Structure formats: C-alpha cells, structure tokens
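Good morning, colleagues. I would ask you to keep the model in view while I go through its strands, its sheet and its aromatic rings.

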Amino acid sequence: VNYIVENTVGKLLEGQTPAAASELRVLDPACGSGSFLIGAYQGLLDWHRDWYVEKLVPLLEAGQNAASKEVQALLPEGYTTPKRRGKKRNQSNNNHFPIFQAQGGEWKLTTEERKRILLNNIYGVDIDPQAVEVTKLSLHLKILEGESEETLSKQLKLFQERALPDLGQNIKCGNSLIGWDILEGRPEMTEEEIDRINPFDWDGEFPEIMSRGGFDVVIGNPPYVRQEELGELKGYFQKHYEVYHGIADLYAYFVERGVSLLQRRGIFSYIVANKWMRANYGKPLRSWLKEQRIEEIIDFGDLPVFKGASAYPCIMRIVKEDPKDSFKVAQLKHLSHQDLNEYVRKNYYYVNLLDLEDKGWSLTDNQTKALLAKLISIGKPLGEHLHGKIHNGIKTGLNKAFIIDSEIKEQLISEDPRSEEVIKPFLLGKDIKRYLPPKSNYYLIYIPWHFPLHYNQEIVTASSKAEAQFERDYPAIYRHLLKFKPQLTKRDRAETNIKYEWYALQRPRADHLDEFEIPKIIYPNICKRPEFSLDEMKSYANQKCFIIPCYDKYLLSILNSSISFFFFRLILPKLRGEFYEPGRVYLKDFPIRTIDFSDPLDVARHDQMVGLVDRLLDLHKRLAETKAGHEKTLLQRQIEATDKQIDRLVYELYGLTEGEIRIVEEATA
C-alpha cells in the first residue's frame, strides 16, 4: 500500500502547494475495508504536515501572524483571516492555522484540516454495503488519531463543528464495473436481481469529478473472482470491455475500468494477480495494455504477499497518456527487504513494449531476452519436432469407478479373464519423477466413448443394444461399473456433442489410444523443475500428466537439462511454492537442438548424451531401491555429476558462451 501510494499520490504532490493538492482526487473503486484509502489519506496528512512545517512554521517563528500576506499566501482556500487578539503566537492566532503545536513541541494538523483533506481528496466505491461502512469508520478513526479529549474539545469549541464529517458523498456503495445500462433490453429483471448487481452510475454519482475528465489517482487491490462465478454478467462484460475473454477473472475488468476513470496524466496502480501475463485469458488484456502508457510492473512471482492466499501478485502502474516504447520492471526474489522503493531502485530494468508477444509476456532483461532469442533461433519448436504430439492424460469423470487397485483388478479378472483386455496400468501425476521409471499400484478400466470399436455407430446413439452387448462381452466390468451408474449418468457432457454411454470415460483420448500403448516420455502437469521420465510399461495416465509418444533418450536429456529449466523460469505460469505448469500450449515452443546425423561430431554428441541418460536412469533406479545412507549419498553425488555432464553437452550443442551459461545457471539456481 505504501509503495503504491508513494508512487501515485506522492508523485503528483511533488512541487505542489496545499491549494493545488486540494484539487487532487484519489479513488479506490473496490475499496473493501479501506486499506488503500487509509494509506492514501495518511500520505496526504504527512505531506501537508511536512509542507506546513517547512513553509509556514518559519514565518510563525519569525513573528508573522495569520493576517500577514506571507502567511495568507500559504493557507489553503477557506481559511479566513482572523482578528488579532494577542501578540503571543501560541495563544489565539495559531488556532486559525491548519497546524498547531502540541505538548512536547510536535507540530500536528488540526482536526479541521484533517477533515478538509479527507473530504477534498479521498473517494471510494464498493459493492458491499458493509465494506462501505467499515471504510467510513476507518477514515473517521483516522481523523481522530492522535487526538486527546482535551485537544479535540479545544478545537471543536473554537470552530463549533462536529468532530466527524459526513462521508456519504465520498464513499459510495455500488458495482464499479456495471452501469444502469445493464437494464437495456432486459425488462424481465427483478428488483432482487437489480439489488444484487447493484449498478453504479459514475457520471451521476461523481458529476464534478467526471465532468472535469476523471480522477487523478486510481489505486487498489480489486477482488479476485474466478470466471466461473461471473455467470450472466459475462454478456455485459463482452459488450462493454475491450479486455473481455470468456474465462477472464474479474480483476481484468477492474484494470480497464480503473484506467478509464482517470483524467489526462492521471496515475493508475493496482496490485493484481500476475497470471494475465501468460494465461490464454489474458491475451485481450495484454493487447489492451500495449495501447496504454505502462510505467512499471513489479512481479512478486509466487511470494506470499497476502498471507494464506495463493495470489501470485504483481503491481502495475499506468499513466493516462500516450504509450511509450518501454517500461520499468522489477522481479522480486524475496520479501525480506525493508523498503520496496529501495529494492526496486537497485534491481529494476527496462522491457521494450514491442518485444512482448501477444501469446504471453516474459518480462526479462535485455541479456536474458537476447539469450532466449538465440536459443529459439538455434532450436526447432518441440511441437513441430513432435508433429504436434503432446497429449493430455485421461479424465475419467468419476475416478472411484474407473481407477482400481491391484486387489480389485485381480478380482475382476478372476470373475472373467476377458476383463484383462480393458484394464490398463495407470499413472498419476505424483508418480512421475525425473529419470525414475514410474511405478503405480493403480489401474484404469479403459472404456472410451466409442468402445468397443465394432459398436461404434451404436455407441454414438447410446443405444440399449450397445449396452447389452457390452454386458455380454465384459460381464465382470459391467457389474463393477453398474454400482456407480447413478453418479456416472450425472456427469457433464457439455464439452462434447457426443452422447456417450454412462459406462464410458469422460475424456479418454480414444484417438490417441495407440500412443498410450507404446514406450514414451511422460511428465506431470505441475512440477518444481523439469520432471521428464521414460515410461516403458505402456501405462495410461490421468489428466495430471502429459505424454510425448516417442522413446527418445536424447530428447529426454534436453527436456531435463538446465536450459529446459531456464525456459520453465521464463515462460511457464508459476504457482505458489516454486511450482510450474508445463502445459502443452507453452511446452510446444521449447526449442529442441536437433541432431544432424550426417555430421560425425553431432552423432558423437548424441551418442554421448544417450549414454549419460542410460547412466542416470540406472543411478535413479538404484537410488530408489537402496536404503543405506552412505550409499544414497554416493549415488546422489554421481547423479549430480552426470547431470552436470549433460548440461555441459547441452550448452555446447546450443553454442552458449561462458556469459550465457552464467545467465542460465543464475536463473536456475
């Protein structure tokens, strides 16, 4: 809060006078309990006090009184010239100033001045009536902060005012994102629906501010509401917001709304989730941001800025002016710094706006960006190298029906030996470990939509004839699944136009059946580092895994290398706890240095890499089997040494210099 306030309100106060500052309008359009407004108000109070101490107090110390032209020139509008009642500075004259000297000599703002600043400068909106009342209460308490009964009563007697102002024109209840135009063409909306949506008219509620162009500062931390909860409002957002995407979170619309509420040269700054940088739903927001004047983005990665919440936040600051070619970036590695301003000052770099791709933003420095470009130019995209063959695992729709253990497997086979035809070894995401042959005690009952294949046409129509045939062919499997029929029939089929049988898997990837049935590379969809392994058991896998249907130890070594981890760091969505999501949409662009088998040097490197992978596979297998502590240590050391050998070969294949190797190893340390 302090950082955002200092770099928005603080920037606009530089070189100003209290008279000019009184024109500053600060807004939080999703103010909640008022944290940002309290921060902005405190910043304004501190600035005014310091300004008066620097400019006004020396005149008072020199014997000037409130009637003097020099003093009057420094007072904000509304302060009247008092009649002089005495010569002593600390008697009556000071009571007409915006500051007074408390016991102990400390200069403080009067309650009148604190109220004036609040009413002039601070504005907020929230959809929750209780939040609005909490914000008002917090601001009222801030007015009284530091006052005693004695000091307050003296000031109130002098000015004959109530202690607390009415904030009804400053803090208002409403839906910042939706106006009354939501009623257009919808006469069927009930009063209850309208109350729940709580439309808000910015021009009508803040006419003076909006008529002059808008607010000077918009700050805050908008709510993180997942797209699934937006429901019927999506149509309105699609019609009224350029950043609309069907699965965008609510904060995306708050960004566009916040900037739109600024007047020319106004400053916007939010702390929001950083997922918009790489997520598919963030593409419209990224395109829109390229048309704004981005001043700064501070990325906290997965640091726990909000305790107890996985928010993955960033701070963005935008000025309402024409866009410029670059903006400042800082990426935080920890939260132990005492001063965020100082940390950013020492660690920022610039990113060129035109270098950012619509498919995802990687906020890297120029050296890292140059290395990334070099790697991409040398390699062939993994998706192209594999002819697009990177596949999701299987989604059952009801795990307890289709995923079984060894005991149930043996029972089904003993009841009917043909059951073995449709029972497959099955891996979960947690079963996949780097270079370690995956093992699992689970099995999958594999019944795709069009299964059995010779029932194809009948399955599409979900006929009773097909079900009867399935029961005759696999009676034990049928009886097992029949126990779950009530739950299976309730599964959502909206994602396909196929009316599949109740006993079929929800997303079985039947078109990739042959590719599960071969030795292949497999990896989990969430991992802390590259976790690619070879599956020689022809296993099927759940939706927490991806498969690469080829048995290529050279490719495996590239995917598990430090250069691969370098790409993880730069390109993949990051989760709490240093985890990454290497989904197909990102991994397909990974540049693979292909081998020229007509080049003896390339062939020698290839064969050396394959030999090192064979060694690692053996070492990892032995490490998993051994229990002796000393032997484990020795095996771990050999694994680390072999990994480094592979990294050196990969660096050589990609033609990296010593400086570029340092960039990779510092990024992956």
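Two strands are said to pair if DSSP finds at least two bridges between them. Helices (H or I, at least four residues) and strands (E, at least two) are DSSP runs, numbered from the N terminus. This is a predicted model, in which local features need pLDDT of at least 70 and side-chain atom pairs count only at pLDDT 80 or more, while totals for chains, interfaces and linings use all residues. Residues are numbered from 1 along each chain as its sequence is written, and side-chain values use heavy atoms, with hydrogens and water left out.

Strand E15 (residues 423–427) and E19 run parallel and are joined by 2 bridges. Across them, phenylalanine 426 has tyrosine 540 in E19 as its bridge partner. Both strands belong to an open sheet of 4 strands, with mixed pairing and the order E14-E16-E15-E19. At the edges lie strand E14 (403–405) and strand E19 (540–541), each of which pairs on one side only. Helix H20 (residues 406–415) packs on this sheet and touches E14, E15 and strand E16 (442–445); contact here means heavy atoms within 4.5 Å. The direction of H20 makes about 95° with that of E14, where axes are lines fitted to C-alpha atoms, for helices over the stretch in contact, and angles run from 0 to 180 degrees between N-to-C directions.

Let me turn to strand E9. Is this strand enclosed or open to the outside? Strand E9 (residues 313–319) is largely enclosed by the rest of the structure, because 7 of its 7 residues are buried. Buried means under 20% relative accessible area, exposed means over 50%, and partly exposed lies in between (1.4 Å probe, protein chains only). Pro313, Ile315, Arg317 and Val319 point one way from E9, whereas Cys314, Met316 and Ile318 point the other way. E9 runs antiparallel to strand E7 (residues 262–273), with 7 bridges joining them, and serine 269 stands opposite arginine 317 in E9. Strand E8 (residues 293–299) is also antiparallel to E9, through 6 bridges; there, aspartate 299 has cysteine 314 as its bridge partner.

Next, the aromatic rings. Rings of Phe, Tyr and Trp (its six-membered ring) pair if their centres lie within 6.5 Å; planes under 30 degrees apart count as stacked, over 60 as edge-to-face and the rest as tilted. The whole structure contains 31 aromatic pairs. One of them is the stacked pair of phenylalanine 470 and tyrosine 503, at 4.4 Å centre to centre and 0° between the planes. This pair links distant parts of the chain, 33 residues apart: phenylalanine 470 is in helix H22 (residues 464–473), and tyrosine 503 is in the loop between helix H24 (485–488) and helix H25 (513–516). Phenylalanine 470 is buried, at 0% relative accessibility, and tyrosine 503 is buried with a relative accessible area of 0%.

Phenylalanine 565 and phenylalanine 568 form an edge-to-face pair, because their ring centres are 6.4 Å apart and their planes stand at 80°. These two residues are 3 apart in helix H27 (residues 562–571), so about one helical turn separates them. Finally, ring pairs link Tyr123, Phe200, Trp202, Phe206 and Phe215 into a cluster.
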